[in-house]
Amino acid sequence: NADAAVLLGKDGAVKAKISCVSGADIKISAVDDRKSVEIQGTRLQRRRAKKYCEMQMAKRGRAVPLKLASDDGDLTLLRIP
């Protein structure tokens, strides 16, 4: 339930952002007090949306390290001295 709340965000803002940047349609539903996330779109859209959802759930107030292997053409790395 906490993960679903993190993905939903205030007034659905986080879900809307992830949907917008990934291009996927994201639905969060509840059945018998269990929440589920359904992601629809092309293969690339689904992969990106899943990655963004996992990053959002993992961060919860802490930094999430990025790996070059997770680049789907949507990653910009900046070297900050």
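These legends accompany several close-up views of a predicted model. Residues are numbered from 1 along each chain as its sequence is written, and side-chain values use heavy atoms, with hydrogens and water left out. Because the model is predicted, local features need pLDDT of at least 70 and side-chain atom pairs count only at pLDDT 80 or more, whereas totals for chains, interfaces and linings use all residues.

**View 1. The largest nonpolar core is made up of eight residues.** The members are L7, V14, I18, A24, I26, A49, Y52 and C53; a nonpolar core is here a set of buried Ala, Val, Leu, Ile, Met, Phe, Trp, Tyr and Cys residues joined through side-chain atoms within 4.5 Å, and buried means under 20% relative accessible area, exposed over 50% and partly exposed in between, with a 1.4 Å probe and protein chains only. Helix 2 (13–22) and helix 3 (43–59) each supply at least two residues of this core, and helix 3 gives the most, with three; helices (H or I, at least four residues) and strands (E, at least two) are DSSP runs, numbered from the N terminus.

View 2. V14, I18 and S22 are the buried residues shown in helix 2; they cover an arc of only 50° around the axis, which puts them on the same side of helix 2, the arc being that of the directions from the helix axis to the C-beta atoms. G23, which follows helix 2, has a positive phi, near 85°.

**View 3. The structure holds zero disulfides, and the view shows C20 and C53.** A disulfide is a pair of cysteine sulfur atoms within 2.5 Å. C20 is in no disulfide, the nearest cysteine sulfur being that of C53, 14 Å away, and for C53 this distance to the closest cysteine sulfur, in C20, is too far for a bond. C20 is exposed, with a relative accessible area of 64%, whereas C53 counts as buried at 5% relative accessibility.

**View 4. The structure holds two salt bridges.** A salt bridge is a side-chain nitrogen of Lys or Arg within 4 Å of a carboxyl oxygen of Asp or Glu. In one of them, the side chains of D25 and K27 meet at 3.9 Å, N to O; D25 counts as partly exposed at 37% relative accessibility, and K27 is partly exposed as well, with a relative accessible area of 41%. E54 forms a salt bridge with K50, the closest N and O atoms being 3.6 Å apart, and because E54 and K50 lie four residues apart in helix 3, they are separated by about one helical turn. E54 is partly exposed, with a relative accessible area of 41%, and K50 is partly exposed, with a relative accessible area of 47%.
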